[in-house]
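Dear colleague,

Please find below the structure that I am handing over to you. My notes on what was found in it follow directly after.

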Amino acid sequence: MPTLSPDEWQAVSPYLDQALALSEDERGAWLDALGEHSPMLARQLTELLDEHRVLVQAGFLEKGHFGLPSSAGLAGQTLGPYTLISPIGQGGMGSVWLAERNDGRFERKVAVKFIHIALMGKGGEARFKREGSILGRLAHPHIAELVDAGVSPTGQPYLVLEYVAGEHIDRYCDQQNLDVEARTRLFLDVLAAVAHAHSNLIVHRDLKPSNVLINKDGKVKLLDFGIAKLLEGEGEDGAATLLTVEGGRAMTPEYAAPEQVTGAPVTTATDVYALGVLLYLLLTGQHPAGIGLRSPADLVKAIVDTDPTRPSDVVATAGPNGEQTTANAARRTTTPDKLSRLLRGDLDTIMTKALKKNPQERYGSVTALADDLQRYLHHEPISARPDTLTYRATKFVRRNRAVVALAALTVFAILVGLMGTLLQARTARMQRDFAFQQLKRSQEHDELLNFLLSDAAPRKTFSVSDLLTRAAQVTEKHHSADALRRADLLMWIGENYSSEDQIAQGRVLVEKAYQESRALSDRSIRARASCALADCLSQDEDLVRAEALVQEGLRDLPDDPRYALDRVACLRIGSDVARQAGHAKEGVARMQAARRIVEQSPVATDLLKMSTALDLATAYADSGQNSEALTEFAQAGSLLSSLGWEETETSVHLFNNWALELDQIGRTLEAEQIERRALDLTSGGNSGEASTAMILNNYAKMLRKLNRLDEAADYAQRSYEKAQSEHNQLVTGQSLLERARVAISQQKFTQASELLSELEPQMRKHLPPAHYAFASLAADRARIALGEGDLALALQFADQSVALGEAALKRGGQGAFAFPGFLLNRSAIELASGSLAPAVADANRALDLVKANTQPHSPSSTLGYAYLGLARASDAQGQHGDARAAAGLAFENLQKCLGADHPDTLAARQLAGLAPVHP
Amino acid sequence: MCSAISSLMFAAERGDRPAAEALFAALYSELHRLAKRELARPGVPVSLSATTLLHEAYLDMAGRDGPSFPDQARFMGYAARVMRGLIIDHARERHAQKRGGLFELTSLDTDDVENAVDQGELARIGEVLDELGSVEPALAEVVDLKFFCGFSFGEIAAMRNVSERTVQRNWEKARIYLHRKISADLSL
């Protein structure tokens, strides 16, 4: 076979164009005619066309699409609580993945839809968001549900949709050999879904079998609102052209209505037409435009000009399609003749009316179409037929009264049920709309960050605070036009400053956002700004104004589900403010209220649930509700790992608070492990920032209790230095105290004494005189005096500490956790002074208090120490049996909470008369 | 470098051959860079198809180059040609060293490449396409856009402002041309 030279190709090329435009049949005659003038050309063309046939057969070059990196590589990745399993679809808009929830709370497969990166920032993103907001409006059993929506850590928006494993409706009907009536009933469910969309002013625009699935339970599920149109409130300009050009799939020609082809306005009647096509296909097995449509042009012509053949005629047609019509009828458990008779009359009329070229002549609504199909099924007169007396009479005779009455009842019942669902749907819808507004906000934040990180960032390394400074400048300059957006961004930047420990800088921005928000009417922004400022102020300890702002924020929010998430945000800050002001119960109450809202909200994300659990846990811990606190901490911890958020600042916060709670109830070993995680995350981790002074100090405290004194001294020292360099007075004080306590444990009494003297003036400055911290200070001084051998002074301080502690307890209940410690401390000193009876009495009192506050069967070092104190005092009194029993219990608790090698565990074991476990 | 792309493109369109070569080199490194950047991004949750990459490249360069940047259709024409080069080079390297190469292609797509056409055939298609490009450039471009870059007929039609039918006909003609040349090789 000679190959063609470039010149030969140039010569033959225009003829090839002509030939390819012809149908196979037409080509023969055309080639013959050509051959008469130029036999050489005709021969070349014949060869080329033969070759074309071969290559088409072989699918030459049909497999292409070289993807660059793998999409399969995404399998197993997590996105919030979802783990991606496998890709299930890829289109012009993006990709769809099968995913499942991985938090173990309930098993559910979902479809995660991503927008194509190429379309981000362009019209596609808007379309994607719109699909989300459209779906968010729709809650219907026959519409695939929007489960969740979010933005991935890389800024990729995604929708999480109900995953429907099912068949296309036409295939399903054929596989099940459904008869005309069953097909019609199934189709009515499709109509219900579309009618629901229409009642929400949404036109689907792409109704076709592949978008109407039947799931395993035989239920209809309508999918893919990717090109749906909102009938109002949406800028129409250019939307249609954008869809056609970018998606390349804005509609499926086979199901397109004439107005979609000609570019006339799209209305609900457009869906009525597509539904007509679908019904025609389901009932006849054929497309209304006829079989074997060769080209899109033919199809377009058929859609616009040609009236479809009457369904009853199509199914009866014998001839070249005889076999197919028989097969079609058989799939409907009937014969062509019977099928034709079934369709003739009402169904012919109904389909013809739905398929009218002129939208005005079609059914005015999907409901009207559904009503007629219902009437057909109930053998009532349909509306589409001229309402003649004979017609009604025939219907009346065939009608069964009982059935009609029952049907009427059912309709009534459905109506009543619907009212309920409609109300629910409305609430859910509002909340979802709201969630999308939030999504949009977070995208604006992401956009700003992206801008700062890419285009605007200088080519050097920069810290988070540099970035925030730039963000503030950019926002103030560029977004001054849109006050709402500006306030929102200022607030967001300000809040991020706060989490970077640059409270003062952040506060300036948030104050600005607050002032600007006063001029805005948007309640969400107003309340958020009030509460964000309250949050900043509470960190500055301006608790009075903070509380006023929280109340202002909560007042601004109407009691409306749309503001549920704003309310949660304010309640969380409000709880924090209340707790800092010493109102532990109010703190708990506010968080419980927030938790209730989150539980009821359909749009609460796992992230929100996690932070709510965390805050509630902290509130419980503050008010001494220990077991509730631990439950919530554990809950927050598991949500955090399911979110893949174990390496964030939030987890540092969680681990730290959780560890403190465990420490406070005496589970020191566990506390140390968890605090260690917080410490590891903050020291030299991804943030590059050094650990916070607070965490260093907390860790020092736990190490000290575990008798790892050298390490404890080191961490306490580091905490102190860090707190000083940050001018953090609170932690400076705390680390001074910790250093003193480590020194006491190391028996460096002079040093401990000096440290406490340095601390005391600061405490006097910042704390009310009756604060339990002064009881604690006295207790520490007592231990120093005891260590230095001044028993009288020690006893004096010990009495002081118990008295101060008792007074603090009587006033407000604070410091309850520390009080037994003061008693035990005094008991030890009394024992050393030989006052055995008071020593036993104090130890017993301490033990009773600790027991009352400890969960039964839960080990606690506090309980262990109470038993140990009692054991020592009893032993000195000569009550060796009691002493051994108490020491046994002390050993059990201390071993679990402090470790087997801890000196106090060893002491308890010895007193209990137990043999060493390991020599 | 990038701001040079639009001027290179104008020069190439005037028939400046060194400019055309420089344009190819510039686009090549740009697409390569983009692909690497996309791959380095942790957890990018969509597949990065050639189509995506080209869109990205366009947005990227147009963004930097400003309003004078050539329209998307013209850009895609050049870039698709370059993408073909990237893909063929990649297949070649993979062939040479089994793993690694220009991009880290992993299972799914690599299988696609290998199942679709073997690397020798792919390289041969590239050569014949170059030849076709000098005879009838529009046909070669359709193959680049469709076969190598995965654009649909509709997208190509919209890009070049012609009917989908024309694109489809060009595609069939190009296939005939390529098939003829390649099967002629094989029968030798």
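I begin with a strand pairing in chain A, where β7(A) is joined by 3 bridges to strand β9, residues 212-215, and the two run antiparallel. Please bear in mind throughout that this is a predicted model.

Two residue pairs place this pairing in the sequence. Glu167(A) has Ile214(A) of β9(A) as its bridge partner, and Gly166(A) stands opposite Asn215(A), also in β9(A).

Helix packing in chain A

In the first, helix α1 (residues 6-21) and helix α3 (residues 39-58) of chain A pack at an angle of about 55°, and their axes are 10 Å apart. At that angle α1(A) is oblique to α3(A). The crossing of α1(A) and α3(A) is right-handed. From α1(A), the residues Val12(A), Tyr15(A), Leu16(A) and Ala19(A) meet Leu41(A), Gln44(A), Leu45(A), Leu48(A) and Leu49(A) of α3(A). Sorted by class, this contact has 8 nonpolar residues, 1 polar residue and no charged ones.

In the second pair, the axes of helix α30 (residues 709-725) and helix α31 (residues 729-745) of chain A come within 8 Å and cross at roughly 160°. An angle over 145 degrees counts as roughly antiparallel, and α30(A) and α31(A) are therefore roughly antiparallel to each other. Their crossing is left-handed. On the α30(A) side the contact is made by Leu709(A), Ala712(A), Ala713(A), Ala716(A), Gln717(A), Ser719(A), Tyr720(A), Ala723(A) and Gln724(A). On the α31(A) side the contact is made by Val731(A), Thr732(A), Ser735(A), Leu736(A), Glu738(A), Arg739(A), Val742(A) and Ser745(A). The residues of this contact divide into 9 nonpolar, 6 polar and 2 charged.

Two individual residues

Leu20(A) is found in helix α1 of chain A. Is this residue buried or partly exposed? Leu20(A) has 19 C-beta neighbours inside 10 Å; a residue needs 20 or more to be buried, so Leu20(A) counts as partly exposed. Beyond residues up to four places away in sequence, Leu20(A) touches Arg169(B), Glu172(B) and Lys173(B). Within chain A, Leu20(A) and His52(A) are 32 residues apart in sequence and 9.6 Å apart in space, C-alpha to C-alpha.

Glu511(A) lies in helix α20, residues 503-517, of chain A. With 17 other C-beta atoms within 10 Å, Glu511(A) is partly exposed. Between Glu511(A) and Ala529(A) there is a separation of 18 residues in sequence and of 8.2 Å in space, C-alpha to C-alpha.

Chain A has 39 helices and 11 strands. Of its 919 residues, 45% count as buried. Among the contacts in chain A between residues at least 6 apart in sequence, 58% join residues at least 24 apart.

Chain B has 9 helices and 0 strands, and from the N terminus on its elements run α-α-α-α-α-α-α-α-α. Buried residues make up 43% of the 188 residues in chain B. For contacts in chain B with a separation of 6 or more, residues 24 or more positions apart account for 64%.

With kind regards

Key. Residues numbered from 1 in each chain as written. Chains lettered and ligands numbered in written order. Predicted model: local features only at pLDDT ≥ 70, side-chain atom pairs only at ≥ 80, totals over all residues. Helix = DSSP H or I, 4+ residues; strand = E, 2+ residues; numbered from the N terminus. Buried ≥ 20, exposed ≤ 12 C-beta atoms within 10 Å, placed from the backbone. Axes fitted to C-alpha atoms, helices over the stretch in contact; angles between N-to-C directions. Parallel < 35°, antiparallel > 145°, perpendicular 65-115°, else oblique. Left-handed = near helix turned anticlockwise from the far one by under 90°. Contact = placed C-beta atoms within 7 Å. Nonpolar A, V, L, I, M, F, W, Y, C, P; charged D, E, K, R; others polar. Pairing = 2+ DSSP bridges.
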